[in-house]
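Colleague: Hi, I'm new to this one. Could you put it up and walk me through a few spots?

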Amino acid sequence: MLDIEIDGKQAQVPAGSTIMDAAQLVGAYIPHFCYHKKLSIAANCRMCLVQVEKAPKPMPACATPVTSGMKVFTHSELAVTAQKGVMEFLLINHPLDCPICDQGGECQLQDLAVGYGGSASRYQEAKRVVFHKDVGPLVSMQEMSRCIHCTRCVRFGQEIAGVMELGMANRNMHSEIQTFVGRTVDSELSGNMIDLCPVGALTSKPFRYSARSWELSRRKSISPHDSLGSNLTVQVKDNRVMRVLPRENEEINECWISDKDRFSYAGLNSAERLQKPMIRVDGALREVDWNVALDYVAHALKDITKTHGGEAIAALGSAHSTLEELHLLQKLTRGLGSGSVDFRPRRRDFSADGKLAGTPWLGLKLAQIGQLDAALVVGSFLRKDHPLFAQRLRQLARKSGKVSLISVTGDDPLISLHAQLTVSPEELTRALAAVVKAAAQLTNTALPAGLESIEPCATSQLIAQSLLAGEQRAIFLGNVAEQSAQAAQLHALAAELARLTGASFGFIGEAANSVGGYVAKALPTALNAYEMFAQPRQAYVLLGVEPELDCYNPQQAVAALKQAALVVMLTPFKPNAALDYADVLLPTTPFTETSGSFVNCEGRVQSFNGVARPLGDARPGWKVLRVLGNVLAIDGFDYDSSEQVRDEILAPDSLFVDGLDNGINGLSFSLGAVTAGLQRIAEVPIYFADPLVRHSDALQQTRDAAAPTARMCAATLAQTGITDGAQVRVRQGQAEALLTARADESVPPACVRVAAAHASTATLGDMFGAINVERA
Amino acid sequence: MAILGALNPMLTVGLNGDKAWRLDDYVKRDGYSALKKILAGKMPQDQVINEVKKSVLRGRGGAGFPTGLKWSFMPRAFSGDKYLVCNSDEGEPGTFKDRDILLFNPHSVIEGMIIAAYAMGAARGYNYIHGEVWEVYTRFEEALDEALAAGLLGKNILGSGFDFELFAHHGYGAYICGEETALLESIEGKKGQPRFKPPFPASFGLYGKPTTINNTETFAAIPLIMNLGGEAYLESGKANNGGTKLFSVSGHVNRPGNYEIPLGTPFPILLEMAGGMRGGRELKGCIPGGSSSPVVPASIMMDCTMDYDSISKAGSMLGSGAVIVMDETTCMVKALERLSFFYYEESCGQCTPCREGTNWLYRIVHRIENGQGRADDLDLLGSVTTNIMGRTICALGDAASMPVQSFVKHFRDEFAYHIEHKKCLVPPDIQRAGSGFFKATV
């Protein structure tokens with residue numbers, strides 16, 4: 001520890017701290033622009049110049065290491081003169097167009113100019129003009145003359161997003177921030193650059209010019225998208241969500257959020273929002289009042305239980321639904337006499353159900369990721385499935401943690417990987433089994449039965465070695481592993497690898513409430529999410545899912561729904577009109593218009609309030625289910641608040657849920673046969689993953705929202721006689737879709753990558769499984 | 001041969017042959033004997049460094065930092081890669097000495113670098129050569145090939161077991177790449193922008209490894225020091241200013257070119273060696289150490305000796321030894337305008353005071369020169385330079401400010417005249433005459 005005195009205040013700071021660190025410790029504010037606690041030190045803005053005793057020149061606080069006994073003066077004449085000098089330089093070429101600048105009112109330059117800027121400028125020449133750039137639908141670079149060259153955006157790209165999409169070209173005062181010529185900013189974390197920009201150079205394209213920052217009320221919320229449960233500040237004006245910003249939580253999202261979290265709000269204000277209950281009468285949907293709709297649903301469900309029994313009803317929720325909604329959904333379903341309730345529509349393999357030791361979760365706290373020595377991720381489109389989780393792994397790899405990836409495509413995670421294995425979906429179990437076997441060999445442990453035929457390759461040995469070295473290691477199963485037809489096998493193999501290596505293991509989790517669904521017991525005692533469509537039911541209650549986009553086998557799901565006597569959808573959005581399976585539409589509210597809780601991948605309970613009133617006649621899902629329970633005269637539906645529902649599930653004031661345990665018992669290894677034909681690889685594209693992002697027009701204009709193609713490696717193209725760019729018909733049994741073929745060397749041989757969750761592929765079958773491709 | 005003259009020369013001795021840059025010519029001049037002696041005798045590393053320390057060889061790139069001291073900063077116990085870099089990115093206006101050393105005596109630099117690498121335990125070196133002097137780059141490459149073929153570079157040099165690989169690397173002409181950390185960034189393939197220091201290159205240099213960077217002329221002096229002994233080298237110059245130095249004399253002299261003189265030689269002697277003032281005109285001022293050093297008026301300059309301490313006492317810097325001579329036909333405002341334009345143009349744009357300030361300085365001086373000056377402009381120039389100096393990441397901000405401050409200080413009348421009368425104190429025809437393109441009429 002080093003002693004330092006800042007403005008007369010004593011402090012002790014660890015060796016290696018900078019003056020800026022020490023100043024924050026003692027609560028002394030040093031003005032700055034380029035400094036950001038999560039980014040590398042650039043020391044280029046020079047705003048943080050302070051006086052250091054015995055130093056002849058003012059020193060930049062952000063970059064000057066503390067030495068023992070150092071005395072720092074942040075407001076001495078020397079310091080303030082230097083700071084004012086820098087401010088004058090920053091302002092001479094700045095347009096000073098605050099009244100028409102989107103950043104006005106929340107601008108660091110504006111704020112600091114009040115304290116350090118002059119009231120008139122000594123600079124009387126023409127100001128620099130920097131040409132505007134179009135870098136895509138999310139980040140606006142229309143007013144680059146405002147840029148003060150702090151390079152926060154550049155460093156963010158290099159260090160946090162893992163890809164340098166912005167750079168500073170040219171030199172002297174002609175330096176400007178720009179992309180590589182003609183390129184756009186496509187990172188899934190790009191929106192954070194808007195927050196980082198201390199001036200109005202980078203602004204939010206969807207938000208700009210729609211409100212002034214002081215008109216917005218700031219309300220806390222939790223992201224309903226990925227399994228992190230990023231903390232949000234939702235900004236509302238006139239009951240309309242205008243903007244979403246990160247709310248700092250070092251243990252979860254740090255100070256970042258993904259573009260999905262940030263820009264999905266555009267879907268909240270979509271014209272596709274369902275605002276009135278609707279019932280299908282004579283083939284057409286008609287708007288009705290809530291009491292009519294609820295009576296209709298109650299009667300219809302009762303009729304079906306009477307004639308066909310409770311098991312003729314199935315209920316499917318979504319892992320994006322709140323804990324309270326899922327709890328009430330399963331309670332209602334069981335009250336109707338059915339055990340067919342689930343919240344995992346994109347799953348195929350449920351054989352782990354009943355064999356689990358507890359609630360599957362991440363296996364460690366998110367904040368612990370940074371301390372790992374090694375990590376292995378199995379089956380994940382890391383960047384697109386979990387942008388900020390990937391970011392944590394990226395930081396881990398940057399500071400010498402060994403991160404390995406076994407997955408079904410060679411997509412670049414923008415992490416400097418220790419080892420990478422890319423295999424077909426069917427071979428995923430074998431690839432993981434090879435690491436298990438390598439670990440067994442390295443530790444001289446008896447090999448578990450069923451893995452005898454596996455021969456570890458050099459890469460699997462490398463991975464096993466990394467998991468055996470160091471203090472803390474972890475294995476993570478991604479979305480592909482959970483959606484795989486051999487999910488339980490992968491689970492058991494990961495458990496075995498964890499046992500052999502002493503690593504922790506767990507699931508990254510598909511969505512905001514993937515852990516919560518287990519906690520709410522929205523789990524089948526009869527038919528699971530796949531079986532309820534494979535064995536068609538008479539009635540379906542769908543909560544927050546769009547089955548043609550959200551199910552493992554959309555073709556099968558839609559067929560089952562079409563034959564059903566009753567399909568009730570609780571949804572914030574009007575469903576696809578062309579698929580006329582819905583009989584009753586009950587408008588529920590998205591996360592901003594309801595209270596509720598999500599349990600994130602580390603088991604953390606995060607409850608939130610609504611930030612806006614429900615749109616039109618839409619009502620929070622928990623209220624709709626609660627009233628439906630009443631109308632159906634099912635006991636135990638007398639809640640007055642969502643908190644009462646939550647308290648029925650969790651101990652009051654739980655920070656983390658109980659019973660987290662990834663153990664799996666009674667499953668023997670059977671790696672399955674590798675079939676001869678082509679296999680489908682279906683990712684869930686980042687901006688099609690849930691109904692809200694699908695309705696966000698801002699996100700739908702991004703590159704990541706491009707329509708799916710049938711992607712194959714050159715060998716597969718040659719084998720099928722298809723050329724890059726050709727129109728192809730892809731078939732899965734009876735299901736088919738017309739797509740464009742694309743050469744893509746990141747796809748393993750004998751595989752066709754066709755994304756799920758998109759209208760153009762909603763007619764297809766299983767996400768993973770046999771597929772045929774032929775010239776259209 | 002562009003070394004036009006010398007007084008007790010050391011660096012440029014024997015460069016009369018038309019193939020002086022060839023290895024055999026260099027060996028005939030006793031070249032590589034210092035290296036052979038060191039390797040054959042397995043001279044301890046400390047002894048090499050001590051010899052350099054004794055010579056009081058000061059860095060010839062501009063800052064004049066004692067070379068032996070710099071070498072001793074390299075972590076001895078460091079087990080990983082260490083690098084040695086030669087800074088031949090000679091971009092300072094007025095400086096052209098390294099160009100001639102590399103053209104006519106490249107092996108002296110190579111030998112100096114090998115000795116330095118031996119002393120510091122570096123296994124790899126780069127010579128970063130200014131991209132606008134391509135001939136120099138190709139010639140140095142040839143010299144490297146010769147040295148490699150002769151077993152003087154690469155693995156197991158002269159059977160001693162010492163390995164040193166040396167590469168030439170050319171820049172693309174950015175002045176800022178002559179700043180040592182920007183130069184390192186450039187070698188690494190990045191945009192040439194200076195790094196914030198600390199950490200200094202000796203602990204975190206090229207590719208993050210301990211690195212020593214010296215100027216071309218500094219390395220060229222190393223074999224001499226090792227052959228003569230440090231003390232003898234020191235004695236050839238002046239106390240605390242060891243050895244001889246190359247001066248690039250340009251401007252209003254009859255024979256502009258490179259001259260080697262012992263440090264401490266009086267300025268009038270150097271001026272005389274350069275053929276005296278062109279057209280016999282009066283000296284008005286002199287920039288003694290490259291464009292970034294403060295200008296010194298004639299009266300002070302004529303009393304100076306050419307060494308670090310004397311020039312420093314005169315309020316300027318010896319810098320790289322680029323002596324820019326200006327006679328009475330020079331418009332000092334115009335001269336400063338050109339210099340300010342250079343620094344504005346070459347600022348890397350990284351840090352605020354330099355990026356914005358160099359532009360502002362140029363605009364103000366340009367305004368004065370073009371009859372748009374305002375009464376408070378000279379104060380403004382002073383204030384802007386104060387706001388730049390000492391507040392930037394590298395020394396370019398200071399380099400841009402010092403000429404402005406010194407020109408205004410020593411020739412304030414001329415600036416004031418420009419502002420008041422919207423024209424130059426030196427009549428245009430006289431200026432034209434002095435430019436050398438017109439017949440002198442003074």
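Colleague: Okay, let's start in chain B. Where is B:Pro199 found?

Modeller: This is a predicted model, just so you know. B:Pro199 is in the loop between α8 and β5 of chain B.

Colleague: And what is the peptide bond from B:Pro198 to B:Pro199, cis or trans?

Modeller: That bond is cis, with omega near 0 degrees. The peptide bond from B:Lys197 to B:Pro198 is cis as well, also with omega near 0 degrees. B:Pro198 lies in the loop between α8 (180–187) and β5 (211–215).

Colleague: Zooming out, how many helices and strands are in chain B?

Modeller: Chain B has 19 helices and twelve strands. Its C-alpha trace spans about 75 × 45 × 35 Å along the principal axes.

Colleague: What radius of gyration does chain B have, and what would a compact globule have?

Modeller: Chain B comes out at 22 Å, and a compact globule with 442 residues would be near 22 Å, so the two agree. Of those 442 residues, 62% count as buried. Taking contacts with a separation of 6 or more, 71% are between residues 24 or more positions apart.

Colleague: How far apart are the mean positions of the positive and negative charges of chain B?

Modeller: They are 2 Å apart, for 44 positive and 49 negative charges.

Colleague: Which strands does β24(A) pair with?

Modeller: Strand β23 (residues 539–543) pairs with β24(A) in the parallel sense over five bridges, and A:Leu543 has A:Leu570 as its bridge partner. Strand β25 (residues 584–587) also runs parallel to β24(A), joined by four bridges. There, A:Thr571 is partnered with A:Pro587.

Colleague: One more thing: what is phi of A:Asn172 near?

Modeller: Near 45 degrees, a positive value in a residue other than glycine. A:Asn172 is in the loop between β8 (167–169) and β9 (176–178) of chain A.

Colleague: Why does A:Asn172 count as buried?

Modeller: Because its relative accessibility is 2%. A:Glu254 has a positive phi too, about 55 degrees, although it is not a glycine. A:Glu254 sits in the loop between β13 (240–246) and α6 (259–263), and counts as buried at 8% relative accessibility.

Technical notes:
Residues numbered from 1 in each chain as written. Chains lettered and ligands numbered in written order. Predicted model: local features only at pLDDT ≥ 70, side-chain atom pairs only at ≥ 80, totals over all residues. Heavy atoms only, no water. Pairing = 2+ DSSP bridges. Helix = DSSP H or I, 4+ residues; strand = E, 2+ residues; numbered from the N terminus. Rg over C-alpha atoms; globule rule 2.2 N^0.38 Å. Buried < 20%, exposed > 50% of the residue type's maximum accessible area, 1.4 Å probe, protein only. Contact = heavy atoms within 4.5 Å. Lys, Arg positive; Asp, Glu negative; His and termini not counted. Charge placed at Lys NZ, Arg CZ, Asp CG, Glu CD.
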